[in-house]
Amino acid sequence: MSCRRFFSIPVLSVILVMGFVYYVTLFIFIDDWVGLRSSAGKLNALLFSFLASLCLFSLSICVLVDPGRVPASYVPDVEDSGWSNGNATETRKCDKCFAYKPLRTHHCRVCRRCVLKMVLLVCCAFKNGDSYAGNVPLKTFIVCCGIFMIGLSITLGTLLCWHIYLIAHNITTIEHYDSKRASWLARKSGQSFRHQFDIGVYKNITSVLGPNMIKWLCPTFTRNSEDGISFSASRDS
């Protein structure tokens, strides 16, 4: 394990981003929210620091731990269907390190050798017969977690995209459905329709998330110029 790997541009970029997020969260968001010297601020700072340390530890493991290699004793099985076509043995040799390449193996320019491709989570689950917590089959546990995470990612991703659209157009969900009929009537009469509070993407975003771009990721700290009663309207309305 060599610490010199931390001085590569991709790794340094990730560390800088993590440091920026950590600084902004602690000394801007939490400090502005409850104050770092308060009990709530100390608790939030401690929890976030713990999670950030886990992320940094995981990154360090990825950088320092050897990703593995093709065993030196590996020889392709000529009877295997993957090697049975003519000069397949020659084509499955790496043209950089001249070693045999099993299926799904790729040459890593950083490691300067061929590295076995990691097996997908679900594939690994069906090959593992162990149990989780002593009574639940591990494959069942992993597959259920995978299905849950996929469903959650799709749901939250769709919700995120939907709200980005609403914010960019400065429109609420109810106004969006009401504007469908207004847009249809406008097209029918040969006119164009624009939501009356749509004042441009940037102004729409700042009217919802505030003028400070750093605080856009934490909308609870926004202080809008609008009071929620009167709003800026488009000149075309």
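The model is predicted. The chain has seven helices and four strands, and buried residues make up 22% of its 237 residues.

**Overall layout**
- Read from the N terminus, the elements follow the order α-α-α-β-β-α-β-β-α-α-α.
- Among the contacts with a separation of 6 or more, 42% are between residues 24 or more positions apart.
- The protein chain exposes about 17900 Å², and carbon and sulfur atoms supply 65% of that area.

**The β1-β2 hairpin**
- Strands β1 (residues 105-108) and β2 (residues 113-116) run antiparallel and are joined by four bridges.
- Four residues lie between the two strands of this hairpin.
- R112, in the turn, has a positive phi of about 60°.
- Across the pair, H107 stands opposite C114 in β2.
- In a regular strand, side chains alternate between the two faces of the sheet.

**Nonpolar core**
- The largest nonpolar core consists of five residues: F6, V11, L59, V63 and L64.
- Helix α2 (residues 39-64) gives the largest share of this core, with three residues.
- V63, one of the core residues, is in contact with R5, F6 and V11 when neighbours within four places in sequence are left aside.

**T25 in helix α1**
- T25 is placed in helix α1, which spans residues 9-33.
- T25 has a relative accessible area of 15%, so it falls under the 20% limit and counts as buried.
- Not counting residues up to four places away in sequence, T25 touches I30 and F48.

**Surface patch and M149**
- F148, M149, L152, L156 and L159 form a nonpolar patch on the surface.
- Together these five residues have about 490 Å² of accessible area.
- M149, a member of the patch, lies in helix α5 (residues 138-168).
- The relative accessible area of M149 is 45%, so this residue is partly exposed; the exposed class requires over 50%.

**G200 in the α6-α7 loop**
- G200 is found in the loop between α6 (173-188) and α7 (201-209).
- G200 counts as partly exposed because its relative accessibility is 22%, and buried would mean under 20%.
- The C-alpha atoms of G200 and H169 are separated by 7.4 Å, while the two residues are 31 residues apart along the chain.

Note on methods. Residues numbered from 1 in each chain as written. Predicted model: local features only at pLDDT ≥ 70, side-chain atom pairs only at ≥ 80, totals over all residues. Heavy atoms only, no water. Pairing = 2+ DSSP bridges. Buried < 20%, exposed > 50% of the residue type's maximum accessible area, 1.4 Å probe, protein only. Contact = heavy atoms within 4.5 Å. Patch = residues over 30% accessible without salt bridge, like charges linked within 9 Å, V, L, I, M, F, W, Y side chains within 5 Å. Areas by Shrake-Rupley, 256 points an atom, 1.4 Å probe, with all protein chains shown as cover. Salt bridge = Lys/Arg side-chain N within 4 Å of Asp/Glu carboxyl O. Core = buried A, V, L, I, M, F, W, Y, C linked by side-chain atoms within 4.5 Å.
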